[in-house]
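Visitor: Hi, I'm new here. Could you show me the structure and walk me through it?
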Amino acid sequence: MRTESARRAFRQGLREGAPFAIAGFVLAVSFGVIAREAGLSAVATIVMSLVMFAGAAQFTAIAIIGGGGTVGAAIGASALMNSRFLPMGAALGPSLPGGPFKRAAQGQAVVDASWALAGRGDGTFDRWLLFGASAAQYLTWQLGTIAGALGGDLLGDPDKLGLDAIYPAFFLGLLLAEARTLRAAGVAVLGAGIALALVPVAPPGVPILVSSLAALVGLTRSAQTAVAEAQAREQEREREHVLEREREARERAAR
Amino acid sequence: MNAALLIGGCAVATAVLKAIGPIALGGRELPLWVTSVIVLLAPALLAALVFTQAFAEGKDLAVGAETAGVVAGGLVAWRSGSIVACVIVAAVLTATLRAL
């Protein structure tokens, strides 16, 4: 971490990711238990969390194995569940520096809550905040999996604690804060409509992937004009900032 | 069941899906129409995450205790602007309704 601002954003990510790290711990315990019941060894269960770090897809794969499905079906279903990382990664991509390999590596830090936390609301993302939030969640995801795989059912049904309401409530809170323009609100309604219409007919995960088509509203002329104006305002702010600093430097030199 | 194949396959698929976006769309100036679509991906995906998690149970559309919790949390976020309060209200109400 090179700069002070990067360190600050990382720490902020750790803090803001903490509630999801706690919820993730409880969910990971139940993952550990269910994976053992589905026939995975303790080591395999722990390794799966270490190398995958994708809650919904891990539960999906285990549900298929536990129900007698094939390994191929489990991999396919978990990939569909994770297909939302395609549009999420596309949104994040322009905010990541470095060559393709470095960007691909940084993209591994994306999980739902971190991606949502790191979004600045203008289409750009704070990558160090993303890394911090994911680091906190990665740690507890591993600890919870180990506890569940070795220790069994310590905490009972996570649904009893209302944990399944935490993530959608958080995403709704962010959505209400971000979708301030009529256009963004309309896209949200459209995305929700697409997802709900597909839930009964498409495999889990696909409704979220296809809902990203709602963002094609951005192709309209009025949406592009709005983005161009926002970019111009941002450039103007940066120019003023640079001028301000130059003026301060001149004043210091004069003294 | 081949556990190594299962875990390896799932891990590779996850890594590839997370890598495609950053590889395809980073490291260069993007045309305005691409940026304009990217800006709107967040509301579309957030809304889809909210509704599939609050109103769907597997392949069935369903209303449960978590639906009520999420709606109440949304009202709190709307009135107070606090996302922390929104999440706490949602979890507590959901857990309370399930305990009844």
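Visitor: How do H9(A) and H4(B) run, roughly parallel or roughly antiparallel to each other?
Guide: Roughly antiparallel, a label for angles over 145 degrees. Helix H9 (residues 166-178) of chain A packs on helix H4 (residues 83-99) of chain B at about 150°, their axes 9 Å apart. By the way, this is a predicted model, where local features need pLDDT of at least 70, side-chain atom pairs count only at pLDDT 80 or more, and totals for chains, interfaces and linings use all residues. Residues are numbered from 1 along each chain as its sequence is written, with chains lettered from A and ligands numbered from 1 in the order in which they are written.

Visitor: OK, which residues in H9(A) meet H4(B)?
Guide: Ile166(A), Ala169(A), Phe170(A), Gly173(A) and Leu174(A). They meet Ile83(B), Cys86(B), Val87(B), Ala90(B) and Ala91(B); contact takes C-beta atoms, placed from the backbone, within 7 Å.

Visitor: And how many residues of chain A are in contact with chain B overall?
Guide: 88, against 66 residues of chain B. H9(A) gives the largest share of chain A's side, 12 residues.

Visitor: New topic: why is H4 of chain A called largely enclosed?
Guide: Because 8 of the 11 residues of that helix (residues 71-81) are buried, meaning 20 or more other C-beta atoms lie within 10 Å of a residue's own. Among them are Val71(A), Ile75(A) and Leu80(A).

Visitor: What do those buried residues pack against?
Guide: In chain A, helix H3 (55-66) and helix H11 (206-211), together with helix H1 (3-25) of chain B. Helices here are DSSP runs (H or I) of at least four residues, numbered from the N terminus.

Notes. Buried ≥ 20, exposed ≤ 12 C-beta atoms within 10 Å, placed from the backbone. Helix = DSSP H or I, 4+ residues; strand = E, 2+ residues; numbered from the N terminus. Contact = placed C-beta atoms within 7 Å. Axes fitted to C-alpha atoms, helices over the stretch in contact; angles between N-to-C directions. Parallel < 35°, antiparallel > 145°, perpendicular 65-115°, else oblique.
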